[in-house]
Amino acid sequence: MYGIIGIFGFSAFPDEFGYWSVAAAILGYDWSQITGLGPYYSYGYGILLAPVLFLFHDPIITYRMAVILNLIFQIAAFPLLYQILKELFSDVKKNALMIATSVAALYPAWCFYTQTTMTEAFLYFGFILMIYLMLRFLKKPAVSTGIALILLSVYLYLVHMRCIGIIGALVITFLIRLTLGNRTGEKKLKKFWMILILVIFLFAGTFILKDRVVAFLYHNTSDHMMSWNDYSGLAYRIGKILKLQGLVFLLKDFCGKALYLGLATYGIAYYGICLIVKRALFGFKAIRQKNSDWVDYLWIYICFAVIFEFLVALIFLNGASAPWEDRLDNFLHGRYVDFFLPILIATGLLEMTEGKRPFLKLTIVLLTYLVFGAVALQAIRTNDVQMNNPHGFTMIGMSYLLEKPLIDTTAFFLKETALSVGLTLLVFVLTYIAWKKKLEMLLSLVLLVQIALGINACDHFIFPYQPNSYLDLTMGEKIREIHDEFPYKNVVHLYEGGNPYIETVQFANRDLPITVVDVTTGVDVAEALTGDIILVAPRESGFEGDIEKIYKEKWEVGHFDLYYNP
């Protein structure tokens, strides 16, 4: 657990608060005014956070305990992934399986997200657990395993809607098993039908729950903002794809995101993709020949899950390569695909050590970099602003050399690509020697690369922002102190746009609802501000002169100025 003592609160706004707000709602706290400043966030992860929020009351301890919970999930993934690899690669030595497991579970982005309260920290573990349960059920269809499979698949969707690809892969795999597979064991097939029907039924029920969450937490959120992370914007996105220009952007988007898969994993994911597709095709061949086994369906499931999840990212972020879009991270996106990369890393690393035509495979990987990289570079250079707005937080695997402000996107892209190509060659040399000399333990050197890059990511995107987070928590304590003295006064936040840092203040005062005066909606500030409230305004507020005429006391800390009258 790298640097937990230096972690005090949120690093991502408004994402993390969106998940905690659900936990708060479950416990009876009303954070809806602050939640309304951000788009919709799925509520499943909040269910996990609710016990943490209930058991701990100091905001810093609460946040750190959630981080420790993430670490437990990451540790628990080790034995699960090892068992999966042991079943899929029964002829591979134990040492190689252990190293492949460790390299996959220490994927830098996973280590990074573990130290935040983003959903990704759980999704990495959840996807591996899903594969493990599929393995167990396909091998021996037990009712208890089937129930766990149902609950987990639907719960992952509740954690984040992009996991609809996981449900889709499960449904299609089961339909293939029921319609094309061997007809032996009718009792077992009934269990497959039961799982299929219940998953579809529960999935439909999630829409009812979502409507209730939206009604309670997001009644202050505009329809436009809701559509950012909601299906209400899906029709618009698909409509764009169906146009000629949309198809061109889709192809460019594909190249950008496919490039990320390779560069973020030093090419290992490409080996994993090829292996998974090959094994899935062998599985379909075995099905046609009526001699399929459970392992064939597991490969098919993994293949569909990876493809579907990649397509979800592609559709949701369609148009990211358009000349007027400035977000580099939406083009070279990692967050929506990172959580399935560990299984590609594990399988890909074992495929690399298999030793067949290693130099030909390396050449193909490098050529793939060249093709996808050329398209990505052209999209960046022809962009109106060279995609100069990088949110490195969501493209961890290609942000190790990112410095802000980003002045030259092309230079950054080329340097980041060169770093990944260098690491690709290093990993190739290690795997080649390990295969030639039968030194599987040599692959453990890849772990050093993973750990170093994970630390680099945390140093870039978590720790620099923690001092301000601590100061904002201090503001929360000061508000509590003043409110205890004047309990009849409401706490009001003057929101003037930008990152809603007030979320940290609300997190520190869980049982004290903060009212929002949103200047961006055109509200009359003069009418909203009265002398009998506790006002939290942003530093250097555009209304500072008017505010200071109303309030006698002022206290400055973090991102805010606090005003009140004794």
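Buried here means under 20% relative accessible area and exposed over 50%, with partly exposed in between (1.4 Å probe, protein chains only). Helices (H or I, at least four residues) and strands (E, at least two) are DSSP runs, numbered from the N terminus. The model is predicted: local features need pLDDT of at least 70, side-chain atom pairs count only at pLDDT 80 or more, and totals for chains, interfaces and linings use all residues. Residues are numbered from 1 along each chain as its sequence is written, and side-chain values use heavy atoms, with hydrogens and water left out.

**View 1. Strand S3, enclosed on both faces.** 5 of the 5 residues of S3 (residues 534–538) are buried, so the rest of the structure largely encloses this strand. Ile-534, Val-536 and Pro-538 point one way, while Leu-535 and Ala-537 point the other way. Strand S1 (residues 491–495) runs parallel to S3, joined by 3 bridges; look for Val-491, whose bridge partner in S3 is Ile-534. Strand S5 (residues 560–564) runs antiparallel to S3, with 4 bridges between them. Here Val-536 has Leu-562 of S5 as its bridge partner.

View 2. Two strands count as paired if DSSP finds at least two bridges between them. S4 and S5 pair in the antiparallel sense over 5 bridges, and Trp-555 has Leu-562 of S5 as its bridge partner. Axes are lines fitted to C-alpha atoms, for helices over the stretch in contact, and angles run from 0 to 180 degrees between N-to-C directions.

**View 3. Helices H20 and H21, side by side.** The axes of H20 (residues 409–437) and H21 (residues 445–461) come within 10 Å and cross at roughly 155°. The two helices are therefore roughly antiparallel (over 145 degrees; under 35 is roughly parallel, 65 to 115 roughly perpendicular and the rest oblique). From H20, the contact is made by Leu-423, Leu-426, Val-427 and Leu-430; H21 brings Leu-445, Val-446, Val-449 and Leu-453. Contact means heavy atoms within 4.5 Å. What kinds of residue make up this contact of H20 with H21? They divide into 8 nonpolar, no polar and no charged. As for the spacing, an α-helix has 3.6 residues a turn, so residues three or four places apart point the same way.

**View 4. Ser-42 and helix H3.** Ser-42 sits in the loop between helix H2 (32–35) and helix H3 (44–55). With a relative accessible area of 6%, this serine is buried. Leaving aside residues up to four places away in sequence, Ser-42 touches Tyr-19, Tyr-157, Leu-158, Val-159, His-160 and Met-161. A polar atom of the Ser-42 side chain lies 3.5 Å from the backbone nitrogen of Met-161. In H3 itself, the buried residues are Gly-44, Tyr-45, Gly-46, Leu-49, Ala-50, Val-52 and Leu-53. They pack against helix H1 (15–26), helix H4 (59–88), helix H7 (120–139), helix H8 (143–159) and helix H23 (502–508).

View 5. Most residues other than glycine have a negative phi, and most peptide bonds are trans. Phe-13 and Pro-14 are joined by a cis peptide bond, with omega about 0°; Pro-14 lies in the segment before H1. Another cis bond runs from Lys-404 to Pro-405, omega near 0°, and Pro-405 lies in the loop between helix H19 (358–381) and H20. Lys-290 has a positive phi, near 60°; its loop is the one between helix H14 (268–288) and helix H15 (294–316), and Lys-290 is exposed, at 55% relative accessible area. Arg-357 has a positive phi too, near 45°. Found in the loop between helix H18 (341–352) and H19, Arg-357 counts as exposed at 62% relative accessibility.

How values were computed:
A polar contact is a pair of N or O atoms within 3.5 Å; within protein, one must be able to donate a hydrogen and the other to accept it, and residues adjacent in sequence count only if both atoms are side-chain atoms. Ala, Val, Leu, Ile, Met, Phe, Trp, Tyr, Cys and Pro count as nonpolar, Asp, Glu, Lys and Arg as charged, and the others, Gly among them, as polar.
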